[in-house]
Amino acid sequence: MPTSIQTLLKVFDCVALRRTDKYEYQLISETSDWLDAVFTRQQGQLLLTEQDACIFLADFLIDAEEFWDKGAEGTLRSGIWTEERQLNSNQLTHLHLEASAATFDGEKLLIIKNLELYYKEKQATLQKARELESSNEALIKQHDYVKERLDALLQDSRNLQDVLDMVSAAINNANLGVLITDVKMVPTIQNPSLNELFEVDRNAEPSNKSAKILFTLIDQQFPEFERIINTKRNYEGELYWLNTPYFMKWLKLSMHPIRNGKNKVTHWLFLLSDVTRIKHLQQQNQQLALYDRLTELPNRQFFWQMLDNMTSLDAPFYILYIDINRFKYINDVYGHTAGDELLATLTERFSAVIKKKDILARIGGDEFALILYGISDYKECQHVAKELIATASDPITTDTLNEVRISVSLGAASYPSDARAVECLMKYADLAAFHAKNSNKNSICFFSDELQQKVYHRIEMENALRLAIENGEFQLFFQPMLDVQSGEVLKAETLLRWPVGNDRWISPADFIPIAEESGLIIPLGRWVFHQACIYLKRLEDLGFNVRISINLSPKQFNDKRLTEFINDTLKLTQANPKAIELEITEGVLISDFEKMQHSLDNFKNRGISISIDDFGTGYSSLAYLKKLPIDNLKIDRSFVKDVVTDDNDKTIVLAIIAMAHQLRLDVVAEGVETSEQQQFLEHNQCDTIQGFVFSRPSNFEDFCQFLRDKFN
Amino acid sequence: MLNKKICMLGASGVGKTSLVKKFVDGIFSEKYLTTIGVKVDKKVVETANDKVQFMLWDIEGTDRYCGFNPRYLRGAAAYLVVVDKTRSQSLIDGDEIRKLAEEVTDSPALLILNKSDLEPMFTLDDPQIKQLEQHFIATIETSAKTGKNVEYAFHCLAEHLICSSES
């Protein structure tokens, strides 16, 4: 081997070996002092069997043999491993090694590197990063625990004062700052840790000094605050408190609305932790201070600084807020690793779309922000936005995600035409994104006064919905489902209606998406289930043998207390579970399979039957059909609509019926409006039919009359 | 004597290295020192009927900085999924690791709930554990600090492997 290469290998503390036979290697470089401590030599040959050498290397050589046999190019690396050996002294030493297999001039080469320095550096970096990770995890857990505990107690006792009495000792002893305010942000409870956090003496006047500091920081640093309060959302973020000239602190803040038993927000819970140490660790770790660890993009604080810098240049630009729709759902269904992979993929895709001078940042769990440098024309901004939307909509496939599609909502505000202040720009872009999210998937909205009005209208609508749930202003309607052959009424689907006086109704199409998006679907769904059980019992008392079918949204299905609620309601109303059918969409079924099976088995064991709603429009994995305890498939109305005239729809409907029957499932066709559709379904062995052709949805009294007429 | 490769799997910081250290050398250190790569230790376990030599592959914790490497499981007679009883996230991670491991090996696995000397975030009765433990030959609560059940866990595994090889 040339001397220069020998020197090079020595500099990098490597040794080079040539494979002479299986497990036999000849040293072709100079030796190193660690080599003989690790490996056995016999007549000049190094023996690398599991018995003679180290176990890890012997295992790697299996791959190396394959690599050499293939004659593959490049190198194959083993990854780092550690050997514990005695070197010159009698003391135990840890050697950190890595092996690489390579082929050169037909020779099979094995290079072994001593990575002592690299190992130490890597360990120091990862040590901090992992400590950081675990501190963060512990903090989040602490916040979640207090919040969940309060929620659970409120669910049970339904009286806030009782709950506060119950948890006051725990709150007082908690080592995180806790502040509970009423809806007008007047503090009602705060714990000693909050004062300690803000360095306020417990006897200081006024007694709400800590809360005042907190709200000042929020005013200065969270332009989204007003919108969050109005829409009663949870929020998590960080605050920076610079108490010059004494000290600075980083605070982790989480805010949660506290609802009473009627789902009315009566208080707000603020949880605060001092994360200065974590920030300090981050700063030691260079990249982590101003950058998001996962995406390696600038973080919120850095983005804010850059936005500040941009406004000081006084040149026009656009700011875009990018909100990933249903990101929490992806996290819940596929797990956090999948969520992380999705964010990393989006970062890559967005970065490929923007210009070098543009600034992309991750400013929240599922939010990105973008400064479009030098853009003053909204059309240009729209052009970029469309590209971002398009790239985000492409199916995402990662290690844990298979062709998952997501959508994004974008909000834009321009400097200086919409606002000059950083806070206003952020707030306006946030409002615009909020509006986009509630309008269409994959859309962009530009901030305007009109948009601001629309957002406020949407917030009013949400508040009205909340009030309507609180006051039980809804009505349940019933639409019968008939046996195709006998014409007998087998069951009825419950449908929700919201009357607003003078025979006016708010369409479910208008309020259900708001309920879904705001989380109000949980109390609303519970109301529906409870009412449906009451009506079911009345039907039974009236002598009607009819089952009731109730819709469950994916969000309801993910409610941890769903099973408990259903059991309690059945007990309370004495409704017969065998006369209840739950309608779930295919979307529910892509969740964690074991969890899903467990929940469905629970329902089945109670006698409740399960129907898949809107079948054919959702996810195409059919494996669940044979594995889960499903009773019926409901063919989506979109296929039924043109089943008589459209050959494609006809084929799909026939295929669904055939497949369902093979799997011994009953088939329901919904949206049947004409006698031609009815005849087609009759001739093709559809089991049950629902639609205007028999009956529109009607209130309970009219439904009973329909049943009487049918039975007579 | 039987030689068996055993892999220690789990999220980072759950105590895999501490368990091995306690089992092999009888030592516990309070200081957390993150593992990089792999370290293999050997220890002979004696059961009533036989002896087995464990080659314990202590593998760097799986997290955002280090992915799961299925290659390390090749030839493993068994693996331990270690979770930290004070961190419920480690249980979720442990389940994901278990699923990944099951894709490449049919070897038996032990679920180890470590750090049982500390205030737990979950207990053996939790539904999450109940759901998870069906995938393991046993679920054992351990503490590398106090030594609770550390010997016992490896002993159970040895018994199981000896029984399996006899049958």
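Here is a short exchange about strands and a helix in a predicted model.

Reader: What should I know before we start, about numbering and about the pLDDT limits?
Author: Residues are numbered from 1 along each chain as its sequence is written, while chains are lettered from A and ligands numbered from 1 in the order in which they are written. This is a predicted model, where local features need pLDDT of at least 70, side-chain atom pairs count only at pLDDT 80 or more, and totals for chains, interfaces and linings use all residues; side-chain values use heavy atoms, with hydrogens and water left out.

Reader: How do you know that β2(B) and β3(B) pair?
Author: Strands are DSSP runs of E, at least two residues, and helices are runs of H or I, at least four, numbered from the N terminus. Two strands pair if DSSP finds at least two bridges between them. Strand β2 (residues 38–46) and strand β3 (residues 51–59) of chain B have nine bridges and run antiparallel. So they meet the rule for a pair. K43(B) stands opposite F54(B) in β3(B). A hairpin of four residues joins β2(B) to β3(B).

Reader: What makes β15 and β18 of chain A edge strands?
Author: The open sheet runs β15-β16-β14-β17-β18 in chain A, with mixed pairing. β15 (359–364) and β18 (443–446) each have a single partner strand, so one side of each is left without a neighbour in the sheet. The twist averages 20 degrees from one strand to the next, taken between axes fitted to C-alpha atoms as lines (for helices over the stretch in contact), with angles from 0 to 180 degrees between N-to-C directions. Five bridges join β15(A) to β16(A), residues 367–372, in the antiparallel sense. There, G364(A) has E367(A) as its bridge partner.

Reader: How do you know that the length of α26(A) agrees with a helix?
Author: The expected span is 1.5 Å times one less than the number of residues. Helix α26 (residues 700–711) of chain A has 12 residues, so it should span 16 Å; its end C-alpha atoms are 16 Å apart, which agrees.

Reader: Why are the buried residues of α26(A) said to line one face?
Author: Buried means under 20% relative accessible area, exposed over 50%, partly exposed in between (1.4 Å probe, protein chains only). In α26(A), the buried residues include F700(A), F703(A) and L707(A). Down the axis, the buried residues fall within an arc of 155 degrees, so they line one face. The arc uses directions from the helix axis to the C-beta atoms.
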